[in-house]
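Thank you all for coming; please have the sequence and the picture open while I talk.

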Amino acid sequence: MQLRTPDRLGAFEYRRHPARLPALRDGREATRHRVVVAGGGPVGLAVALGLARLGVPSLVVEADETVCVGSRAICLSRRSLEILDRLGVLPAFVDKGLAWTGGRSFWRDTEVLRFLMPHDADQRLAPMTNIEQYYIEQFLLDGIAKHPELVEVRWGTSVLAVSAGDHGVELALEAAGRRYAVHADWLVACDGARSLVRDQLGLKMSGTSYEGRYVIADIEADLGLPTERLAWFDPPANPGRTVLMHRQPDDLWRIDYQLRPDEDPDEAVRPENVLPVIRAQLAMLGFTGDWKAIWISMYRASAVSLERYRHGRVLFAGDAAHLVPIFGVRGLNSGFEDAWNLAWKLARAAGGNGARGGLPPGGSERLLDSYSLERRHAWRQNIAQATKSTEFMAPPSRGFELMRDAVLSLAAGHPALRSLINPRQSSSIPYPDSPLNTPDRPGEFGASAGAPGEALAECPLRDAAGAVVHLTQLPGDGFTLLCYGGGAGPAGDAARILADSPPGCGLAVVTIAPAGGEGTAAADAVDASGRFAALYDARPGSAWLLRPDGNVCARWRAIDAQAVIAALARALGSPAAGPAQPALTG
C-alpha cells in the first residue's frame with residue numbers, strides 16, 4: 001500500500017505520462033517493431049538503453065503512467081554501477097546515491113558482527129550504493145531520452161495477450177481503453193514476478209518459497225546515522241523480530257522487519273500496526289525527532305526460476321525469469337546483469353550496428369541460447385549464497401531458528417562464528433563454462449584475474465597525460481582486444497586481426513604499456529604502478545579478448561592472429577569455430 005499520492009517524495013518529483021495510441025489500421029499498428037520490451041521497470045529500461053547504444057530500436061510498453069512508488073530495490077552493487085556506466089548514465093547515480101562498504105548486526109542489544117565488503121585502492125566505485133528505485137528508473141529514462149529515434153516508451157499500455165511463432169511475436173496491447181495488435185521480431189519479457197508474458201506462454205517457475213514474511217516501509221527522518229547495513233535479531237524494542245535498516249537519499253530510511261508466524265499479513269501492513277513497530281525501533285535508537293511514514297508493502301522470500309530464459313523469439317529477464325531473496329541484494333543487481341548480458345547478444349541477432357550480415361549461420365541461435373545458459377548458471381550461484389542468508393534471516397523451521405539463535409548468542413565472544421552471520425552481499429558471477437569461451441592453455445596463467453568467463457577486475461592505470469584512468473572504462477561497445485606491451489610486434493598483430501576479424505563484431509584494440517617500456521607514448525594506457533601486471537599476471541605480449549559486456553572470453557600469453565579470430569568467431573556463436581581448444585603461440 002502507499003500512504004501518499006505519488007506527486008513528490010523528498011526531492012523527487014513524479015512525472016505522469018498519459019497513455020497514447022499509435023496510428024492504427026483495422027486495430028493493428030502498421031509498424032513492425034524490431035524489439036518490444038514488456039515492462040518499463042529498471043531491467044526493461046536497461047535492456048532498451050543497451051539496445052539503443054548498439055543501434056537497435058525498441059518499443060517499451062509499461063502499464064503504469066509513472067515510475068514506481070516506494071523505494072523497492074535500493075542497493076546497487078559495484079558491477080551494476082559499471083553496467084550503468086557503460087549505458088551512459090552513471091554520473092546521476094553517483095551524484096545522488098549513498099555509497100557504503102559494510103554494516104553491523106546485533107543480537108538483542110549486543111553487536112555481534114561488523115563486516116566490510118571487498119574495497120581497496122584499485123576501485124573507482126563503491127561496493128554498494130543506496131538509491132531508491134524511482135530514481136533508478138528516472139535516471140534510466142533520462143538516458144533513453146538521448147536516443148529518441150531508437151527507444152519509444154508507451155506508458156499506460158498493458159499487455160493482454162502474446163502469441164509467439166518462429167518468425168516473430170504478436171502482442172495484444174491496451175491503452176486509453178482501446179485494444180490493438182503489435183508485431184515484433186523479438187519480445188523481451190521484463191514484466192516482473194507476476195509476468196503475464198510468462199503466463200501466456202504457459203511457463204512456470206520452480207524452486208523454493210520461504211514462509212518468512214517481511215514488512216518493508218519507507219520513512220522520512222533525519223536519524224543522523226551513517227550509511228551502512230544495520231540488522232537486529234530479537235531487538236529489545238521489538239522482541240521476536242528481525243529488523244533491517246538502510247539509509248537512502250533525501251533523509252529516507254528503509255525499514256524491513258519480519259512478521260511473527262501468528263501475524264496476519266493483511267492486517268500487518270495496516271499503518272496502525274506498522275507505525276508502532278517503527279516507533280519502537282526509533283526509540284531504541286534514541287531518536288526523538290519527527291518522522292513520517294511514506295510507503296508500506298509486504299515481501300516473501302522466493303528462490304524460483306524458469307528452466308530456460310529463452311523460448312524462441314521471447315526472452316525473459318529480471319523477476320520475470322527468476323526470483324531471489326532480498327538478503328544480499330541480488331534481485332535488481334542480477335536483473336541488471338541479465339540486461340547487459342542480453343543486450344549485446346540480442347543486438348547482434350536483431351541487426352544492431354550492421355551485425356546482422358556479419359553473424360555466422362546459426363550464430364544468433366547460439367548467442368541467444370548462451371544468454372539463458374549463462375544467466376541460469378548465475379541464478380544457481382546466487383541462490384547458493386542467498387539461501388544461506390535467507391535461512392539465517394528467516395529460519396524455515398524451529399530447528400533452524402534454535403541454531404541461529406545459538407550462533408547469535410555466542411558470536412560476540414567467539415569470532416569464528418561470525419562468518420555464519422555475514423549477509424554475503426551480491427557480487428558478479430563468472431561464466432567459466434560458457435560456450436562462448438576459449439579455454440586457457442594449461443599452465444599458461446596462474447591464479448590471476450581475467451580468466452575466461454570473468455568480468456574485468458578493476459585496476460587503476462594512467463593515460464598519456466598522466467591522469468588516472470580505470471581499466472573498466474577502456475572497452476568500447478563491441479569486442480575489445482586488450483594487449484599488454486608496446487612496440488611494433490603487437491601493433492602489427494593487432495592490425496592483421498582487425499583486418500581479418502568477422503564483420504560486424506566491432507572489434508577494437510586497446511593497448512596497455514608497462515611503465516617505462518617500449519611504446520608507452522603510443523599506448524592507450526600505462527601500467528604506471530605495475531598493478532595491472534600483478535593482478536592479471538601480464539607479460540609483454542599477453543592479450544585478453546573482451547566481449548561487449550566486458551566479460552573475458554579468451555586470453556593468450558602471446559598473440560596469434562588466427563587464434564584470436566577463431567576465439568572471436570566462437571564468441572559470436574559460430575559453429576565453424578570448431579572445438580574450444582586454444583591455438584596459441586609462445
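This is a predicted model: local features need pLDDT of at least 70, side-chain atom pairs count only at pLDDT 80 or more; totals for chains, interfaces and linings use all residues.

**Side chains that pair up**

Let me begin with R124, which is partly exposed, with a relative accessible area of 22%; here buried means under 20% relative accessible area, exposed means over 50%, and partly exposed is in between, using a 1.4 Å probe and protein chains only. Residues are numbered from 1 along each chain as its sequence is written, and side-chain values use heavy atoms, with hydrogens and water left out.

What is the partner of R124 in a salt bridge? It is E458, and the closest N and O atoms of the two are 3.1 Å apart; by salt bridge I mean a side-chain nitrogen of Lys or Arg within 4 Å of a carboxyl oxygen of Asp or Glu. This pair links distant parts of the chain, since E458 is in the loop between helix 11 (398–411) and strand 23 (460–462) and R124 is in the loop between strand 9 and strand 10, 334 residues apart. Helices (H or I, at least four residues) and strands (E, at least two) are DSSP runs, numbered from the N terminus. E458 counts as buried, at 5% relative accessibility.

Altogether the structure holds 31 salt bridges, and another of them joins R108 to D234, with the closest N and O atoms 2.8 Å apart. Here R108 sits in the loop between strand 8 (102–107) and strand 9 (110–116), D234 in the loop between strand 16 (229–233) and strand 17 (242–248), and the two are 126 residues apart. R108 is partly exposed, with a relative accessible area of 41%.

A further salt bridge is formed by R531 and D122, whose closest N and O atoms are 2.8 Å apart. R531 lies in helix 13 (residues 531–536) and D122 in the loop between strand 9 and strand 10 (128–130), so this pair ties together parts that are 409 residues apart in sequence. R531 is partly exposed at 30% relative accessibility, whereas D122 is buried at 8%.

Now to the rings, where a search of the whole structure finds 15 aromatic pairs. Rings of Phe, Tyr and Trp (its six-membered ring) pair if their centres lie within 6.5 Å, and planes under 30 degrees apart count as stacked, over 60 as edge-to-face and the rest as tilted. One of these pairs is Y14 with Y134, which is tilted, at 5.9 Å centre to centre and 55° between the planes. Are these two tyrosines, Y14 and Y134, buried or exposed? Y14 is buried, with a relative accessible area of 9%, and Y134 is buried too, at 0%. Both belong to a cluster in which ring pairs link F12, Y14, F93, Y134, Y135 and F139.

W344 and F479 form an edge-to-face pair, 5.6 Å centre to centre with 90° between the planes, and both W344 and F479 are buried.

Finally, the charged end of R555 sits over the ring of F445, 4.2 Å from its centre, and the charged end of R557 also sits over the F445 ring, 4.2 Å from its centre; that wording requires NZ of Lys or CZ of Arg within 6 Å of the ring centre and within 35 degrees of the ring normal.
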